Amino acid sequence: MDQDASEQAGHDVSRRRLLKGAALAAVPYALLPSVPAAARPRIVDHPFAVWMAADPANFTASARPLSHPVDRVVIHVTQSSYTNALGIFTNPRKKVSAHYVVRSVDGYVAQCVREHDIAWHAGNWDYNTRSVGIEHEGWVDRPGYFTDSLYEGSARLTAAICARFGIPKDRAHIIGHYEVPGTDHTDPGPDWDWARYMQLVNFG
């Protein structure tokens with residue numbers, strides 16, 4: 001083996017060691033669950049949200065606020081886990097969606113429908129056309145799901161929506177699902193702390 005060949009072999013060995021070390025260093029990250037490609041677009045309306053698209057069969061494409069004024073935020077509770085709620089929105093047979101879902105444990109926000117489109121969340125077409133719907137992981141009779149992180153993450157989201165659309169930050173415009181005319185829903189339920197939530201929306 002001549003000198004040039006020997007030097008090249010040395011470089012190859014060093015490179016293999018470097019790559020091997022990099023691969024070993026990456027192992028803990030490789031073990032983490034990967035994020036689906038559909039969850040990684042560059043366009044979301046809320047900077048703290050991750051995209052988890054609802055099926056197009058579950059909402060109406062639109063051009064709000066040009067097509068319809070937006071003057072409400074509707075607060076929901078999923079009555080299911082965060083994961084199950086997202087699964088429902090991706091099932092084209094369900095015919096339901098919300099713009100956002102907030103996770104209980106950490107306030108993590110998934111966006112499922114763009115704000116300019118009409119999510120099917122309120123059970124009232126007029127309210128669907130004029131509102132942004134936010135689902136919160138939990139059950140109306142299990143207040144333990146209404147964590148500090150959930151309130152804070154949701155309030156930050158609602159405040160941003162109000163700023164984008166010029167919606168007043170008051171209880172006339174930030175409403176529970178139970179306040180939508182014609183609904184038979186009770187969410188977010190009696191354990192939802194409206195006073196605390198509105199304080200966070202306005203001053204958090």
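Leaving aside its neighbours within four places in sequence, which residues is Y197 in contact with? They are I75, H136, Y151, S154, A155, T158, I174 and W192, where contact means heavy atoms within 4.5 Å.

## About the model

This is a predicted model, in which local features need pLDDT of at least 70 and side-chain atom pairs count only at pLDDT 80 or more, while totals for chains, interfaces and linings use all residues. Residues are numbered from 1 along each chain as its sequence is written, and side-chain values use heavy atoms, with hydrogens and water left out.

## Nonpolar cores

Y197 and I174 have the most contacts inside the largest nonpolar core, a set of 26 residues. Such a core joins buried Ala, Val, Leu, Ile, Met, Phe, Trp, Tyr and Cys residues through side-chain atoms within 4.5 Å; buried is under 20% relative accessible area with a 1.4 Å probe, protein chains only.

Two or more residues each come from strand 3 (72-77), strand 4 (100-102), strand 7 (131-136), helix 4 (148-165) and helix 5 (194-203). Helix 4 gives the largest share, seven residues. These elements are DSSP runs numbered from the N terminus: helices are H or I, at least four residues, and strands E, at least two. Another core, of 13 residues, lies apart and includes V50, Y82, L86 and F89.

## Largest pocket

Among the 19 residues lining the largest pocket, V77, T78, E135, H177 and H185 lie nearest its centre. A pocket here is an open set of points on a 1 Å grid over the protein atoms alone, where a 1.4 Å probe fits, with protein on both sides within 12 Å along at least five of seven lines; lining residues have an atom within 4 Å of a point.

Strand 3 and helix 2 (82-89) each supply at least two lining residues, and helix 2 has the largest share, with three.

Notes
Buried < 20%, exposed > 50% of the residue type's maximum accessible area, 1.4 Å probe, protein only.
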